[in-house]
Structures are given as C-alpha cells and as structure tokens.
Amino acid sequence: MNLTLKIWRQKDSKAKGAVETYPISDISPDSSFLEMLDVLNESLVLKGIVPVAFDHDCREGICGMCSLYINGEAHGPDRKVTTCQLHMRMFKDGDTITIEPFRSAGFPVVKDLVVDRSAFDKIQQAGGYVSVNTSGNTQDANAIPIPKRDADMAFDAATCIGCGACVATCKNGSAMLFVSAKVSQFSLLPQGKVEADRRALNMVGKMDELGFGNCTNTGACEVECPKGISLDNIARMNSDFLKASIISEEK
Ligand code: SF4
Ligand code: FES
C-alpha cells in the first residue's frame, strides 16, 4: 500500500506544533498501524529526520499505552480495538491518513503523538483500590459467594485499560467512563462495597479537580472505547456518588 501520512509534530510540551506530511510506500495490509509507524520512523532516521514519538508497550490491546487519534477517531476506524490492534487493511491504497495525539485539557502533549495521562493515575490513587485487612484474620475472597451477574458486570468494568480514548473523544473532555469503570469494578463486589462511598466521592472529586469535564450523555465514549465499557457504569457511579454525598452531609 502507498499512503500519505499527515502527522502532528511537536518538539516538546511548550513548542507550537504543526502537521507534517510524509509519503510512505510498500506497506503490507497485514501489518499493524504501529508497525507502519515503525517503518516510517526507520525511513525518517535514514534521512536524518527525528522519528515520530508515539506511545506503545504491549502491542496486544492490554496496556492502554497506544493512544492515537486517526482520521478523527480515537484508535482509528475499527471498533473495539486499540491502535496497536488496528490493521492497515482497514485503509485503502492511496489513502491519506491524519494522525494526531489524544487531545484534552487533562492530557497535555509531551511530544509529537505522546500525551501525559498521569491524571488517570492520580484518579486511581484517590480510591481505585481495596484496602486489605492483613491482620491474619482476612477471609479468603474465594469463600465469599458472589452472584454470577455481579461478577460478570464487575469483570466487564475491570477490562478498562485506562487508554483515555473516552476522554479524547468526548466533546466535554469527560473522564466519566473511565472513572465509572474503576468505581464499578469494586463497588459491585462485596470486598469493594466497604469503601464504596469514600471511593466514589474521592475519585469523582479528583476527576473534577484535574479539569475533566462532565458527562452530557452523548455516548461517544462508549462507541470509541476499545473495551466496550458500557454507559451503564456512569449511571451506576452517579447513583453511588449521590448516595455517598447525602450520607456524608448527614454525618
Ligand atoms: S473506559 Fe474505555 S476508552 Fe476509557 S480508558 Fe477505559 S478502556 Fe479506554
Ligand atoms: S500498546 Fe498496549 S494496548 Fe496498545
């Protein structure tokens, strides 16, 4: 395949970026999108041009590092796949492909296509965990019966890989899908219910503090999410948050 790539280049977080155009040829339709960028970078290095910086790690849809906005869509034109799982056969020979970083006030650009998503770590640290009693009397988690439906919903929420596509695709820059998945993953299970109120208040509070927008039920996040995280999680988190707010006011 012969393609024209229009790529956002930005030297560092303070520099003014611009779109640069790079023709690329002989790309296999069976290669992944990131492999295509590897080929581009090898050719740029040979020409003495600084290669394009982009995030990646596992390259198998697990780590959530790859984060490209491709032809106006987070993770590109395929559905329920990450950028690293996107194949070049989704494009046609002769196509022009525009590649930008995930854009959001909460994700400042570090360089080229790399953004700083440490805001997600801060939200996780605000409550995305279960405090374990290590006194020696801790009940074996496997000995606590959990309804299959609850276990399935918790597991579905836990498949969120923290990629940030939901934020990048939301017109409000909202992180509600991500935060609600992390809140639901715990609040649906007995082990997580103990701290559910505090978790919902703290994680939503941190999300607001870090400048992410609110949810206006557009649903773009659910469409672009590579893991199919459901909007139901946002409804559940809103309910948990409301209940926790009332309880904390009464105290
Ligand atoms: S909810 Fe989906 S889009 Fe958002 S961070 Fe999790 S996996 Fe990525
Ligand atoms: S590189 Fe890990 S999910 Fe894409």
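How are α5 and α9 oriented to each other: roughly parallel or roughly perpendicular? The legends below take up this pair, then the ligand shell and the sheet, in a predicted model.

**View 1. Helices α5 and α9 cross.** Helix α5 spans residues 176–187, and helix α9 spans residues 232–250. Their axes come within 8 Å. The crossing angle is roughly 70 degrees. Angles of 65 to 115 degrees count as roughly perpendicular, so α5 and α9 are roughly perpendicular to each other.

**View 2. Residues at the contact of α5 with α9.** From α5 come M176, L177, V179, S180, A181, V183, S184 and S187. They meet N233, I234, R236, M237 and D240 in α9. By class, the contact holds seven nonpolar, four polar and two charged residues.

**View 3. The shell around ligand 1.** Ligand 1 is surrounded by 14 residues. C160, C163, A165, C166 and C225 are the closest. The shell divides into 11 nonpolar residues, two polar and one charged. Helix α4 (165–169) supplies at least two shell residues, and so does α5. The largest share, three residues, comes from α5.

**View 4. The five-stranded sheet.** The sheet is open, with strand order β2-β1-β5-β3-β4. Its pairing is mixed. Strands β2 (18–24) and β4 (73–74) stand at the edges. Each has a single partner strand, so one side of each is left without a neighbour in the sheet. Strands of a sheet pair through backbone hydrogen bonds, either parallel or antiparallel.

**View 5. Strand β5 and its two partners.** Strand β5 covers residues 96–101. With β1 (residues 3–9), β5 pairs in the parallel sense over four bridges. With β3, β5 pairs in the antiparallel sense over three bridges. Residue I99 of β5 features in both pairings. I7 stands opposite I99. I70 also stands opposite I99.

View 6. Strand β3 is made of residues 68–70. Two bridges join β3 to β4. The two strands run antiparallel. Y69 has A74 in β4 as its bridge partner. Strand β4 stands at an edge of the sheet, while β3 also pairs with β5.

Definitions and conventions. Residues numbered from 1 in each chain as written. Chains lettered and ligands numbered in written order. Predicted model: local features only at pLDDT ≥ 70, side-chain atom pairs only at ≥ 80, totals over all residues. Pairing = 2+ DSSP bridges. Axes fitted to C-alpha atoms, helices over the stretch in contact; angles between N-to-C directions. Parallel < 35°, antiparallel > 145°, perpendicular 65-115°, else oblique. Contact = placed C-beta atoms within 7 Å. Nonpolar A, V, L, I, M, F, W, Y, C, P; charged D, E, K, R; others polar. Near = placed C-beta within 6 Å.
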